[in-house]
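Please look through the sequence and the model below before reading on.

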Amino acid sequence: MRRRTFLGWSGALAGSLATALVGCGRGKEADGGPAYMAEPPSGAAGDVRYLAIHPLHNPLKLFEFYAPLVDYLNRRIPGLGLELEASNNYAHYETKIRDRTPAFLLPNPYQALMALDLGYNVIAEAGDSDDFRGVFIVRKDSPLAHPSDLKGKRAAYPAPTALAAAMMPQYWLVEQGLKLQSLDNRYVGSQESAILNALHREADIAVTWPPPWRAFQRDHPEDAAQLRLIWQTPPLINNAFMARDDMPEPLVTRLRALLLRLHEDPEGAALLWKMETHRFYPADNARYRNAVGGFLTAYQDRVGPLP
């Protein structure tokens, strides 16, 4: 059953790669990271609208999983002119939100709150709320059995602002009686990197969330067989699909309707399976402010300042 509210937290209030690689920026980025550049758009420059997706995967995998969705939407909404854009890391993605450069966003719920304050609006929830939770991954030969065993150990997370894969797990660890300062907390840039850190013994535990973990099991079964899920957090609310407030309302309405019906179309259902997303659900700004706002209040009370 889908979770509609902020539940389960103790003490709390919760196609193909042929589509142009807009990738990690439209030029060389200030942080010196790799840049995946777009091919020239087919229409006029003013007709191009970018969909920026937060670093669910590394840029190449993100394009493999989401470029077919962009192709699908463009074929069904004439004049949409959608291009996919990936980012080097979470900080790079959040800079794009602050600059309001993408017309559409698929951020994590924490980033969605940032975007709401900058003039973006929620048009759908991407996936089941129950699937948005943190998972802790260790090697099968790991001696870890209880959160208290993590004292002095190294934990690998994608980024400090990864809500499901850092903030929610850190809150959960504190609720289990562990002080975060007793861990060696490392932020390694992506979900896959966190998992690989545990696989290669560069960290004692990896922190991620279900879709990247399922994708890793599917794509790397031999490596995944050396790992196991040891703990998981309660759920919150899943990623948001958002539109900038200057997008034409008829276009946004049509896009929302198409996303909400995607699972009813065999081609759309296949795209959703590839993206590790069950379906898109109706959602609005209030749902995200209520669910995520409650968690952030609890996080500040129990863990400390927001990242």
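Strand β5 pairs with strand β8 (residues 205-208) in the antiparallel sense over three bridges, and β5 also pairs with strand β9 (residues 227-232), again antiparallel, over five bridges. Strands, like helices, are DSSP runs numbered from the N terminus, where a strand is a run of E of at least two residues and a helix a run of H or I of at least four; two strands are said to pair if DSSP finds at least two bridges between them. This is a predicted model, in which local features need pLDDT of at least 70 and side-chain atom pairs count only at pLDDT 80 or more, while totals for chains, interfaces and linings use all residues. Residues are numbered from 1 along each chain as its sequence is written, and side-chain values use heavy atoms, with hydrogens and water left out.

Some individual bridge partners are listed here.

| Residue | Bridge partner | Strand of the partner |
|---|---|---|
| isoleucine 137 | alanine 206 | β8 |
| phenylalanine 136 | tryptophan 231 | β9 |
| alanine 52 | leucine 105 | β3 |

Five of the five residues of β5 (residues 135-139) are buried, so this strand is largely enclosed by the rest of the structure. Buried means under 20% relative accessible area, exposed means over 50%, and partly exposed lies in between, with a 1.4 Å probe and protein chains only.

An open sheet of six strands has the order β2-β1-β3-β10-β4-β11, with mixed pairing. β2 (82-85) and β11 (280-281) stand at its edges, and because each has a single partner strand, one side of each is left without a neighbour in the sheet. Within this order, β1 and β3 (residues 104-106) pair in the parallel sense over three bridges.

Helix α2 (residues 90-99) has Tyr90, His92, Tyr93, Glu94, Lys96 and Ile97 as buried residues, and what covers them includes β1, β2, β3, α3 (109-116), β4 (120-126) and α5 (191-199). The N-terminal end of α2 is capped by asparagine 89, which has a side-chain oxygen 3.3 Å from the backbone nitrogen of alanine 91, and α2 is followed by arginine 100, whose phi is positive, near 55 degrees.

Which residues line the largest cavity? They are His54, Tyr90, Asn108, Phe132, Ala162, Leu163, Ala164, Ala165, Gln191, Trp209 and Asn239. On a 1 Å grid over the protein atoms alone, a cavity is a set of points where a 1.4 Å probe fits but cannot get out, and lining residues have an atom within 4 Å of a point. About 50 Å³ of space lies in this cavity, and the largest share of its lining, three residues, comes from helix α4 (residues 163-175).

One of the lining residues is histidine 54, which is found in the loop between β1 (49-53) and α1 (59-76). Histidine 54 counts as buried because its relative accessibility is 2%. Its side chain reaches the backbone oxygen of leucine 106 at 3.1 Å and the backbone nitrogen of asparagine 108 at 3.4 Å. Leaving aside neighbours within four places in sequence, the residues in contact with histidine 54 include Leu62, Tyr90, Gln111 and Asn239, where contact means heavy atoms within 4.5 Å.

Technical notes:
On a 1 Å grid over the protein atoms alone, a cavity is a set of points where a 1.4 Å probe fits but cannot get out, and a pocket is an open set with protein on both sides within 12 Å along at least five of seven lines; lining residues have an atom within 4 Å of a point. Grid points are joined across faces, edges and corners, and a volume is the space filled by probe spheres set on the points. A polar contact is a pair of N or O atoms within 3.5 Å; within protein, one must be able to donate a hydrogen and the other to accept it, and residues adjacent in sequence count only if both atoms are side-chain atoms.
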